[in-house]
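Visitor: I have a structure open and would like to talk it through. Can you take me around?

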Amino acid sequence: MLVNAGKLDKMITLLKPTVDYSTGNTVRTYTEAVKVWANVKQLTLKDLVTSQYELVSETYTVLIRYIKGIGADWAVKLPNGCRYVITGINTYASEGYMILSIALDTTEIQEVAS
C-alpha cells in the first residue's frame, strides 16, 4: 500500500516521553518531537467490537508515513488539542507507512511542553 499524500489531511504532533525520577515519584511528561501529516479515523462501536479493542470513548487509528523510533510509550496530540496514548503500532517500514492505534489519555495532566 502506497500512502496517498492526499489522504494525509490532518496535522498531528508526535510526543516523546520524558520520565523524571528525581522527586521520588515517577513523573512522565511529553515534549513535542515532530509534526506530521496523518489520516485520522475514529473507530466506530462496530470496529471496536470486531477488533476486540477496549471500549474507550475516543479511540482512533492514525495512518502516517513510517518514522523510525516511535514507541508505544509515545503519545499523539490531535488537532482538537487533546493528548492520546498509543495503544498499538503496526509498522510497514518496507512500504513506507505505519498505523497507530490511539486512545484518549485519561490521566489528570494534559499539559504538553513545547
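Guide: One term to begin with: two strands count as paired if DSSP finds at least two bridges between them. By that rule, β2 and β3 pair in the antiparallel sense over four bridges. Keep in mind that this is a predicted model.

Visitor: Which residue in β3 is the bridge partner of Q42?

Guide: The partner of Q42 in β3 is Y60.

Visitor: How many bridges join β3 to β6?

Guide: Seven, and these two strands run antiparallel.

Visitor: What about β4 and β5?

Guide: Strand β4 covers residues 75–77 and strand β5 covers residues 83–92; they pair in the antiparallel sense over three bridges. A75 has V85 in β5 as its bridge partner.

Visitor: What lies in the loop between β4 and β5?

Guide: G81 is in that loop. Its relative accessible area is 45%, so G81 counts as partly exposed. The C-alpha atoms of G81 and I12 are separated by 9.5 Å, although the two residues are 69 residues apart along the chain.

Visitor: Back to β3. Is that strand mostly buried or exposed?

Guide: Six of the seven residues of β3 are buried, so the strand is largely enclosed by the rest of the structure.

Visitor: Now side chains. How many aromatic pairs are there?

Guide: The structure holds two aromatic pairs. In one of them, Y60 and Y84 are edge-to-face, at 5.4 Å centre to centre and with 85° between the planes. Y60 is in strand β3 (residues 59–65) and Y84 is in strand β5, so this pair ties together parts that are 24 residues apart in sequence.

Visitor: Are Y60 and Y84 buried or exposed?

Guide: Y60 is buried, with a relative accessible area of 11%. Y84 is also buried, at 0%. The cut-off for buried is under 20%.

Visitor: And what is the geometry of the pair Y92 and Y97?

Guide: The ring centres of Y92 and Y97 are 4.7 Å apart and the planes are at 20°, so the pair is stacked. The cut-off for stacked is under 30 degrees. Y92 is partly exposed at 30% relative accessibility, whereas Y97 is buried with a relative accessible area of 7%.

Visitor: Where do E32 and K77 stand on accessibility?

Guide: E32 is partly exposed at 29% relative accessibility. K77 is partly exposed too, with a relative accessible area of 22%.

Visitor: Which residue does D105 form a salt bridge with?

Guide: D105 forms a salt bridge with R83, and the closest N and O atoms are 2.8 Å apart. D105 is in the segment after β6 (97–104) and R83 is in strand β5, so the pair ties together parts that are 22 residues apart in sequence.

Visitor: Is that one buried or exposed?

Guide: D105 counts as buried at 7% relative accessibility. R83 counts as buried as well, at 4%.

Visitor: Last thing, chain totals. What share of the residues is buried?

Guide: Buried residues make up 31% of the 114 residues in the chain. The chain exposes about 7,200 Å², and carbon and sulfur atoms supply 52% of that area.

Visitor: And what share of the contacts comes from residues 24 or more positions apart?

Guide: Such residues account for 55% of the contacts in the chain with a separation of 6 or more.

Technical notes. Residues numbered from 1 in each chain as written. Predicted model: local features only at pLDDT ≥ 70, side-chain atom pairs only at ≥ 80, totals over all residues. Heavy atoms only, no water. Phe/Tyr/Trp six-rings, centres within 6.5 Å; stacked < 30°, edge-to-face > 60°. Buried < 20%, exposed > 50% of the residue type's maximum accessible area, 1.4 Å probe, protein only. Salt bridge = Lys/Arg side-chain N within 4 Å of Asp/Glu carboxyl O. Contact = heavy atoms within 4.5 Å. Areas by Shrake-Rupley, 256 points an atom, 1.4 Å probe, with all protein chains shown as cover.
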